[in-house]
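The coordinates come first, then the notes.

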Amino acid sequence: MKTDSEIKKDVLSELLWDPLVAETKVGVTVNEGVVTLTGHLDTYAEKVAAKRAAEHVSGVKAIAVEIDVIPVGSHQRSDTEIALAVEHALSWNTSVPQDRVKLTVEKGWVTLTGDLDWNFQRRAVERMVRPLKGVVGITDNIQLKTLPIPLKLQERIQEALTRQAMREARRIEVSVEGSEVTLRGQVHSWAERNAAEGATWSAPGVVRVNNQLTVEA
């Protein structure tokens, strides 16, 4: 089991390793395996990258992101400019059906609404907005349409977890209630936790994943 100081050292090294993160602007504290990230960054993309860097480190139980995004200089954009940039990007995105996503921008914060068929489409919108200049945060209120639930959905999800060579597949409990899937159990890393959720979202008919997987110390 890693000590808090060892985890902190590894998180700082991971931040340094990621070319997108200005590691000197991110403060790191660790208390009983819980990592807190603080500081001020120029872009929302950097904030997301900092969180993901911490997720890559073994021994991290949870992450608190207390980073403020404050665009300065060339990163500054008006709400109108941000909205136009998002609309333009949506018109060129082949993964997202046209006219299914609406947005509002207030002080750089983008709120997404609408309805889509698949979670990968919803994630595609968020990934598209994330690196745009002037964006300080995203609220994703996009709903997924309810599709027919296939037979033996629970078994199919479990098979997908095993098929994708997840070493913790047998320790993950999958329960299905309507179109909502709940994952319980323990995994060794945040990467495995995220991979399990991603595999579950690929199942047809799923509109919500309640990820209750915990990361072992």
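Predicted model: local features only at pLDDT ≥ 70, side-chain atom pairs only at ≥ 80, totals over all residues.

Entry 1, a helix pair. I began with the side chains between two helices and found that Val86, Ala89 and Leu90 in α3 meet Val125, Met128 and Val129 in α4, where contact means heavy atoms within 4.5 Å. Helices here are DSSP runs of H or I with at least four residues, strands are runs of E with at least two, and both are numbered from the N terminus. The axes of α3 and α4 come within 10 Å and cross at roughly 135 degrees, which makes α3 oblique to α4. For the angle I noted that axes are lines fitted to C-alpha atoms, for helices over the stretch in contact, and that angles run from 0 to 180 degrees between N-to-C directions. Angles under 35 degrees count as roughly parallel, over 145 as roughly antiparallel, 65 to 115 as roughly perpendicular, and the rest as oblique. I also recorded that the crossing of α3 and α4 is right-handed, a term used if the near helix is turned clockwise from the far one by less than a right angle, with anticlockwise giving left-handed.

Residues are numbered from 1 along each chain as its sequence is written, and side-chain values use heavy atoms, with hydrogens and water left out.

Entry 3, the sheet with β1. I traced an open sheet of three strands in the order β1-β2-β3, with mixed pairing; two strands pair if DSSP finds at least two bridges between them. The edges are β1 (26-31) and β3 (62-69), each of which has a single partner strand, so one side of each is left without a neighbour in the sheet. Neighbouring strands of this sheet are turned by 10 degrees against each other on average, direction ignored. β1 and β2 (34-41) run antiparallel and are joined by six bridges, and within this sheet I found Val30 opposite Val35 in β2. Helix α1 (4-17) packs on the sheet, where it touches β1 and β2, and its direction makes about 155 degrees with that of β1.

Helix α2 (44-55) lies across β2 and β3 and runs at about 160 degrees to β3. How many of the 12 residues of α2 are buried? I found 10 of the 12 to be buried, so α2 is largely enclosed by the rest of the structure; buried means under 20% relative accessible area, exposed over 50%, and partly exposed in between, with a 1.4 Å probe and protein chains only. The buried residues include Tyr44, Glu46, Lys47 and Glu55, and what covers the buried residues of α2 includes α1, β2, β3, α4 (119-129), β6 (137-140) and α6. Leaving aside neighbours within four places in sequence, Thr43 is in contact with Val69 and His75.

Entry 5, the sheet with β8. A further open sheet has three strands in the order β8-β9-β10, also with mixed pairing. At its edges stand β8 (173-177) and β10 (208-215), each with a single partner strand, so one side of each lacks a neighbour in the sheet. β8 and β9 (180-187) pair in the antiparallel sense over five bridges, and the bridge partner of Val174 in β9 is Leu183. Helix α5 (153-163) packs on this sheet and touches β8 and β9, with its direction at about 150 degrees to that of β8. Helix α6 (190-201) packs on the sheet as well, touching β9 and β10, and its direction makes about 160 degrees with that of β10. Within α6 I checked Ala196, which counts as buried at 0% relative accessibility.

Most residues other than glycine have a negative phi. Asp99, which is not a glycine, has a positive phi of about 65 degrees; this residue is in the loop between α3 (79-92) and β4 (101-106) and is exposed at 68% relative accessibility. Lys107 has a positive phi near 55 degrees, lies in the loop between β4 and β5 (109-116), and is exposed with a relative accessible area of 73%.
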